[in-house]
Amino acid sequence: MWTALTSSSNFVLESLETFAESTGVAALFANMGWGNVVMIIVAFVLLYLAIKHKFEPLLLLTIAFGMLLTNLPGANMYHTELFAGGHVHWDIFVANAGLLDYLYLGVKLGIYPCLIFLGVGAMTDFGPLIANPKSFLLGAAAQLGIFMTFIGAYALNFTPEQAASIGIIGGADGPTSIYLTAILAPELLGPIAVAAYSYMALVPVIQPPIMRLLTTEKERKIKMRQLRPVSKTEKILFPLIITVIIALLLPSAAPLVGCLMLGNLMKECGVVDRLSKTVQNELMNIVVIFLGVTVGATATAEAFINFRTLGILVLGVIAFSFGTAGGVLLAKVMNLFAKEGNKINPLIGSAGVSAVPMAARVSQTEGQKADPSNFLLMHAMGPNVAGVVGSAVAAGILLSFLG
């Protein structure tokens, strides 16, 4: 009997010891370095900004939570070795993959950003752009930051692929940044995604000083003519024409632009309301959750805590600033050739970055500070939605050269 009690006691002790070793607390002391602690603190800061200050909460909250999960030891939800070297190592994938590894395939294979663009297209009104085609030029000029920063990052010894991924932050388009980075420089996905969405949230902080610096009070008071009405036929033909043109000229941009235009066609044609509403709501929400959590999971301590990440954050601000300045300056140049009464308020040029509709609202706000009776919102929406197309085209150009 004594032998049986001793054996039972040993079994219980061994079981408790095994249980203790399997807990996250044991892993916390055994494997957790200072880098993990820093990343967990960063995750809580981002959660605070998303919840308290509502900085891009739909994605910043999920990214921050994914960052928290991947840096808590012992969870085994994401494994960087399965995606080492920019490739999916299928030979060891099934045996080692955790939940976030499976979900990350949607990022790695370029699925989530395209589905996000499908939803964005279904929520976008291209009417202001169709009514004022000159807005395309302003949207294109705002992509200046992408290519200027690409050159700067390359000069700072980033590889061409990394430089392109950093430069795309200047488009202020989170899904495009993720799409391009996942293909060209997956090792930078965490820092670039956090930078892209953080700067999108900071549009009302970053843009106004640049806009005021580059314009005079007289220019900020320019009132623009009311936009002409756009017919339903024009709105239906627009996504079809753009898709064909982009696919023929720049096939590498076709996945993003094609999904954007398909979503818009669903909205404008009026015969698939159920699909349009599903894309705008249920599908968009599901993809945002998966995209945010898995992108956050890539922000491991090894990938995030280094001087390279600091450089990405600084270059991201520069890219965004050049993009804002590019749109404003082109509007000023266009005014040199415009007749009196047909001039463009340069403030709408800053909306050429594709932070929809936040950048357009900033243009409206700055215009009303100069003249409370000036209404620029609809005029600014033209360059704003042009910027969405422009950033996707810019990504396609970079992929054509580097992909």
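This is a predicted model: local features need pLDDT of at least 70, side-chain atom pairs count only at pLDDT 80 or more; totals for chains, interfaces and linings use all residues.
Close-up 1. The crossing of α14 with α21 is right-handed. On the α14 side, the contact is formed by V203, P204, Q207, P208, M211 and R212; these meet M358, A359, V362, S363, E366 and K369 of α21. By class, this contact comprises 7 nonpolar, 2 polar and 3 charged residues.

**Close-up 2. Helix α4 crosses helix α18 at roughly 45°.** The axes of α4 (residues 57–71) and α18 (residues 273–297) come within 6 Å. The angle makes α4 oblique to α18, and the crossing is right-handed. From α4, the residues in contact are L58, L59, T62, I63, G66, M67 and T70. Their partners in α18 are V288, I289, L291, G292, V293, V295, G296 and A297. This contact contains 10 nonpolar and 5 polar residues, but no charged ones.

**Close-up 3. The largest nonpolar core has 110 residues.** The residues with the most contacts inside this core are F83, V107, F126, I178, M261, L291 and V295. Helix α22 (residues 377–402) supplies the largest share of the core, with 11 residues.

**Close-up 4. V107 and the residues that surround it in contact.** Leaving aside residues up to four places away in sequence, V107 touches Y112, I178, A182, L189, L291, T294 and V295. Among these partners, L291 and V295 also belong to the α18 side of the contact with α4.

How values were computed: Residues are numbered from 1 along each chain as its sequence is written. Side-chain values use heavy atoms; hydrogens and water are left out. Axes are lines fitted to C-alpha atoms, for helices over the stretch in contact, and angles run from 0 to 180 degrees between N-to-C directions. Helices (H or I, at least four residues) and strands (E, at least two) are DSSP runs, numbered from the N terminus. Angles under 35 degrees count as roughly parallel, over 145 as roughly antiparallel, 65 to 115 as roughly perpendicular and the rest as oblique. A crossing is left-handed if the near helix is turned anticlockwise from the far one by less than a right angle, and right-handed if clockwise. Contact means heavy atoms within 4.5 Å. Ala, Val, Leu, Ile, Met, Phe, Trp, Tyr, Cys and Pro count as nonpolar, Asp, Glu, Lys and Arg as charged, and the others, Gly among them, as polar. A nonpolar core is a set of buried Ala, Val, Leu, Ile, Met, Phe, Trp, Tyr and Cys residues joined through side-chain atoms within 4.5 Å. Buried means under 20% relative accessible area, exposed over 50%, partly exposed in between (1.4 Å probe, protein chains only).
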